Amino acid sequence: MKHDIVLRVVGKLLIPFILLFALYVQFHGDFGPGGGFQAGVIFAAGIVFHALIFGLDHTRTLVPDRLVETMMAAGVLLYAGVGVAGLLLGGNYLDYFVLDQDRIHGQHRGIFWVEVGVAITVCGVMLKIFYMFASRDRDRDRDRDRDRDGEGM
Amino acid sequence: MAIAVVAMIRLRNLFAVVVLSGIYSFLMATLLVALDAVDVAMTEAAVGAGVSTVLLLGALHLCRSEEAKPAHRPWLPLAVSASTAGLLIYGALGLPDFSDPEAPIHQHVAPRYLQNEVDVPNVVTAVLASFRGYDTLGETTVVFTAGAGIVALLRRRRKGGGQEPPKP
């Protein structure tokens, strides 16, 4: 699919909007439908779309493995960290009321950061699974080549 | 949806089955929109129809695209599924009518959620992130564990050399 000009042009046009829509779903999740999980999945889907059109190697240079793996853990840590922040500020674990002077504002702040954590983890895990599945085949080919070269020597 | 499921069972070509399961997911998302569960519909469309279709196609790329003939007739699984379906339908008969305001679920904690003491207009987000924050933390951890499991299973061979990995 790498050489299909229609796909490349349409993909280039659409991917920014998919990623923007993911961010909209993320930050508008308090008011409309959506939230961290959906935003993470849509963001990952946009990047998977990029990988399908432009090739996995190209995407891997844009979104490297190390970043994806860091995202997987960082999201959970951010979520748990919001809980710990509540503890440090004198409330219960995951108690958002104490995160700000104004109780309601504290709730907003807590929900916001928690949803960001969910989105980061979900996006990271989806991309990692996709990378793992998509690169298996190539790894096997490379191993086969290496084995054959080894026998030749 | 029923047609898609029957076709998925009958077909032996796995590529067609994957595409049909994507169609099934989109139909399911439409049904969820009709039930006013937009959040779930979005998830279904993105995960069920989008990402998992891509993942299944990626897995299909690694193995043969024709399903093998089953070794024996699947009567026992069929009986188990049929009896489970029967029990579920029997249980569903006891539920209150659809959109009945007197249903117990609307009398218990739902009014407190809807009073909106956290002042977040989307009740789903409020329930998920605030009232049931522990649940969502657990779910996020589950997602993380799934990713970590995949990494642990599939990455081993980088160091292992020519050793054939277990089939996924």
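Q: What percentage of the contacts in chain A with a separation of 6 or more comes from residues 24 or more positions apart?
A: This is a predicted model, in which local features need pLDDT of at least 70 and side-chain atom pairs count only at pLDDT 80 or more, while totals for chains, interfaces and linings use all residues. Residues are numbered from 1 along each chain as its sequence is written, chains are lettered from A and ligands numbered from 1 in the order of writing, and side-chain values use heavy atoms, leaving out hydrogens and water. With contact taken as heavy atoms within 4.5 Å, the share in chain A that comes from residues 24 or more positions apart, among contacts with a separation of 6 or more, is 63%.

Q: Which pattern does chain A follow along the sequence?
A: Helices (H or I, at least four residues) and strands (E, at least two) are taken as DSSP runs, numbered from the N terminus. By that reading chain A has five helices and zero strands, and its pattern along the sequence is α-α-α-α-α.

Q: How many residues does α5(A) give to the side of chain A that touches chain B?
A: The interface brings 49 residues of chain A into contact with 43 residues of chain B. Together the two chains bury about 4200 Å², 70% of it on carbon and sulfur atoms, where buried area is the accessible area (1.4 Å probe) that two parts lose on being put together, summed over both. On the chain A side, α1 (5-27), α2 (36-54), α4 (65-88) and α5 (103-152) each supply at least two residues. The largest share comes from α5(A), with 23 residues.

Q: How many salt bridges does the rule find across the interface of chain A and chain B?
A: A salt bridge is counted when a side-chain nitrogen of Lys or Arg lies within 4 Å of a carboxyl oxygen of Asp or Glu. Over all chains this rule gives a count of three. Across the interface of chain A and chain B, however, the number of salt bridges is zero.

Q: Is A:Arg60 buried or exposed?
A: The side chain of A:Arg60 forms a salt bridge with A:Asp65, with the closest N and O atoms 3.1 Å apart. Burial is judged by relative accessible area, with buried under 20%, exposed over 50% and partly exposed in between (1.4 Å probe, protein chains only). A:Asp65, at 23%, is partly exposed. A:Arg60 has a relative accessible area of 15%, so A:Arg60 is buried.

Q: How many residues apart are A:Lys128 and A:Asp65?
A: These two residues form a salt bridge whose closest N and O atoms are 3.0 Å apart. The pair joins distant parts of the chain, with A:Lys128 in helix α5 and A:Asp65 in helix α4, and their separation in residues is 63.

Q: Which residues are linked in a network of salt bridges?
A: A:Lys128 is buried, at a relative accessible area of 2%, and its side chain also meets that of A:Glu69 in a salt bridge of 2.7 Å, N to O. This pair again links helix α4 with helix α5 of chain A, across 59 residues, and A:Glu69 is partly exposed at 27%. The linked residues are A:Arg60, A:Asp65, A:Glu69 and A:Lys128.
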